[in-house]
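Have the model open beside you and let's walk through it together. We will go step by step, from strands to a helix to the aromatic rings.

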Amino acid sequence: MTLKPIEMEFSERLVRQNKLDESRLDLSEKAPLVTIVPPKVIWAQLQFEHDPSREVSRVEIPGWNYDCFKDLKSAELKYPHIHTKLKGTPANVYEFLQSEAAQGIIDFSPLGVAVVSKEALDIEVTPELHQHTMPYWLHYALSPELWGPQGKWTRFHSRLHTLLQGKGLLHGTDSPGFYPLPKQAKKLESFGFFGSDLENSYLLVLPWSFPLTALEKLEATIQQEF
């Protein structure tokens with residue numbers, strides 16, 4: 001089998017997933033966690049689709065050992081002693097990293113579920129898609145590219161926190177990708193930002209794929225409308 005068909009499909013999937021409609025952004029609690037994935041995740045998926053028997057590549061994640069699962073139930077069955085569990089939003093991952101917890105179960109569904117630990121894990125690799133894709137996603141989700149001093153979420157949060165605080169729009173404690181705003185912020189929907197309309201607040205939860213262009217549009221809207 002030549003790689004040319006895979007390379008062609010790889011390019012097509014990259015183009016397809018990058019066509020993000022920024023005119024209507026779902027920033028609600030129920031929005032999909034992942035709509036755009038790093039190229040390495042797409043490549044690993046394609047390689048598995050073309051050759052399911054191929055060997056699983058282990059990706060080194062500095063400071064962490066990890067085990068990958070298709071779903072949360074499978075992870076819980078193997079690691080019942082791990083009580084720290086979180087939905088894999090940027091905000092929750094940030095809180096987990098800041099907590100200095102030694103281990104945890106992170107649900108990145110539909111991509112899969114990861115058990116991460118500072119200690120060694122009894123890993124059993126199975127010939128399934130998540131074993132090929134999740135290591136690359138996990139490497140990205142925990143990386144300095146996102147969380148270092150100049151990382152995406154570090155910079156995005158600094159900008160949004162400063163703006164929202166300056167405008168008096170924070171209606172609770174915020175964190176990277178998590179912004180509780182007053183009810184009046186519902187007017188953001190008129191500009192394409194659809195959050196969660198809660199009883200006493202309007203919540204914006206930014207997905208992993210939230211781009212710089214959308215950040216700039218959100219900043220400009222807040223500056224102009226509030």
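The paragraphs below start with a sheet and end with ring contacts.

First, a word on the ground rules. This is a predicted model, in which local features need pLDDT of at least 70 and side-chain atom pairs count only at pLDDT 80 or more, while totals for chains, interfaces and linings use all residues. Residues are numbered from 1 along each chain as its sequence is written, and side-chain values use heavy atoms, with hydrogens and water left out. Helices (H or I, at least four residues) and strands (E, at least two) are DSSP runs, numbered from the N terminus.

Let's begin with an open sheet of three strands, ordered β6-β9-β8 with antiparallel pairing; two strands count as paired if DSSP finds at least two bridges between them. At its edges lie β6 (178-181) and β8 (196-197), each pairing on one side only. Strands of a sheet pair through backbone hydrogen bonds, either parallel or antiparallel. Here β6 and β9 are joined by four bridges, and L181 has Y202 as its bridge partner in β9. β8 and β9 make a hairpin, with four residues between them.

Which way do the side chains of β9 point? Y202 and L204 point one way, L203 and V205 the other, and all are buried, where buried means under 20% relative accessible area, exposed over 50% and partly exposed in between (1.4 Å probe, protein chains only). In a regular strand the side chains alternate between the two faces of the sheet.

Now find helix α7 (residues 152-166). Its 15 residues reach 21 Å from first C-alpha to last, close to the 21 Å expected at 1.5 Å a residue; that expected span is 1.5 Å times one less than the number of residues. In α7, the buried residues are K152, W153, F156, H157, L160, L163 and L164. They cover an arc of only 140° around the axis, which puts them on the same side of α7; the arc is that of the directions from the helix axis to the C-beta atoms. T162, Q165 and G166, on the other side of α7, are exposed. The buried residues of α7 pack against α4 (90-99), α6 (144-147), β6 and α8 (212-225), with contact meaning heavy atoms within 4.5 Å.

A few backbone details deserve a look. Most residues other than glycine have a negative phi, and most peptide bonds are trans. E100, in the loop between α4 and β4, has a positive phi near 60°. The peptide bond from S109 to P110 is cis, with omega near 10°.

Finally, the rings. The whole structure holds 10 aromatic pairs: rings of Phe, Tyr and Trp (its six-membered ring) pair if their centres lie within 6.5 Å, and planes under 30 degrees apart count as stacked, over 60 as edge-to-face and the rest as tilted. F69 and Y79 are edge-to-face, 6.0 Å centre to centre with 85° between the planes, and F69 and Y79 are both buried. The centres of F108 and W208 are 6.3 Å apart and their planes at 55°, so that pair is tilted. It links distant parts of the chain, 100 residues apart. Ring pairs also link Y94, F108, W137, Y140, W147 and W208 into a cluster.
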